Amino acid sequence: MEANDTEGPAAGTGPGEPAARPHTGRRRNEAVRQAVLDAALRLLVESQGAPITVEAVARAAGVGKQTLYRWWPSKGAVLLDALTDRAGQDVPPPDTGSLREDLRAVVGATFDAAQRAPWGPALRTLVREAAGDPHLAELLRAYTGTRRALLRDVLDRGRARGELPAGRDLDLMVDQVYGLFWYRFLLGHAPLDAAAAERLTDSLLGPGAP
């Protein structure tokens, strides 16, 4: 991490390089933050196993690397924020008042997003590299923890409304959802589509449940 907290502009010096962004100070500018997250996710997709550096993310986003160090404590934190931000866009937390509808929405959106760039390719890269990199393995655990928490909240609300028995093991239900997701996502033996999301929801809740 840089000791000097001053920052000059990150100027693009050739064709294809990003234009310079103005100094943003200590307060995070949302447009610049989004540019950094988009750049980090894009590099994760394109890296094909090569290490992603802070310098590369800063250059791709058109900011000084001091900006990244000032706003995030580590490169891993940038990547985690990028993945979580994208997942939040692609799989927003629903609250329709119906457990069945909320569960179907989360599962369906998760399955759908996994088929598209950049989320799907980024996850595949992260899983592949995490096998030999403890830091990325911890990043992957932190990321999957955020997704489990979202689904657990959906199930908690449903149980509070009486749509699930009080003794139902919610963590096991979460495991069943993401166990199926990761198995199909990584091995590709069966589709992750709307029909699969519907069948999984029925399996968890029962076809006649509210």
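The model is predicted, so to speak of local features a pLDDT of at least 70 is needed, side-chain atom pairs count only at pLDDT 80 or more, and totals for chains, interfaces and linings use all residues. Residues are numbered from 1 along each chain as its sequence is written, and side-chain values use heavy atoms, with hydrogens and water left out. The chain has nine helices and zero strands, where helices (H or I, at least four residues) and strands (E, at least two) are DSSP runs numbered from the N terminus. The structure holds 16 salt bridges, each being a side-chain nitrogen of Lys or Arg within 4 Å of a carboxyl oxygen of Asp or Glu.

**Overall fold**

- Followed along the sequence, the pattern reads α-α-α-α-α-α-α-α-α.
- The chain has 210 residues, and 44% of them are buried; buried means under 20% relative accessible area, exposed over 50%, and partly exposed in between (1.4 Å probe, protein chains only).
- Of the contacts between residues at least 6 apart in sequence, 65% join residues at least 24 apart, a contact being heavy atoms within 4.5 Å.
- The accessible surface of the chain is about 10,500 Å², and carbon and sulfur atoms account for 55% of it. Such areas come from the Shrake-Rupley method with a 1.4 Å probe, and for residues only the protein chains shown count as cover.

**Helices α1 and α6**

- Helix α1 (residues 30-46) packs with helix α6 (residues 119-130) at an angle of about 65°, and their axes are 8 Å apart. Axes here are lines fitted to C-alpha atoms, for helices over the stretch in contact, with angles running from 0 to 180 degrees between N-to-C directions.
- The crossing of α1 past α6 is left-handed, meaning that the near helix is turned anticlockwise from the far one by less than a right angle; clockwise would be right-handed.
- On the α1 side the contact is made by Leu41, Leu44 and Val45, and on the α6 side by Pro121, Ala122 and Thr125.
- These contact residues divide into five nonpolar, one polar and no charged. Nonpolar covers Ala, Val, Leu, Ile, Met, Phe, Trp, Tyr, Cys and Pro, charged covers Asp, Glu, Lys and Arg, and the others, Gly among them, are polar.

**Salt bridges around Arg104**

- Glu101 and Arg104 form a salt bridge, with the closest N and O atoms 2.7 Å apart. Both residues sit in helix α5 (residues 99-113), three residues apart, about one turn of the helix.
- Arg104 also forms a salt bridge with Glu198, where the closest N and O atoms are 2.7 Å apart. Arg104 lies in helix α5 and Glu198 in helix α9 (residues 194-205), so this pair ties together parts that are 94 residues apart in sequence.
- Glu101 is partly exposed at 39% relative accessible area, Arg104 is partly exposed at 21%, and Glu198 is partly exposed at 29%.

**Other charged residues**

- Arg116 and Asp112 form a salt bridge whose closest N and O atoms are 3.1 Å apart. Arg116 is partly exposed, at 35% relative accessible area, and Asp112 is partly exposed, at 40%.
- A network of salt bridges links Glu30, Arg33, Asp81 and Asp85.
- Asp156 belongs to helix α7 (residues 134-160) and is partly exposed, with a relative accessible area of 28%. The C-alpha atoms of Asp156 and Leu99 are separated by 9.3 Å, and these residues are 57 apart along the chain.
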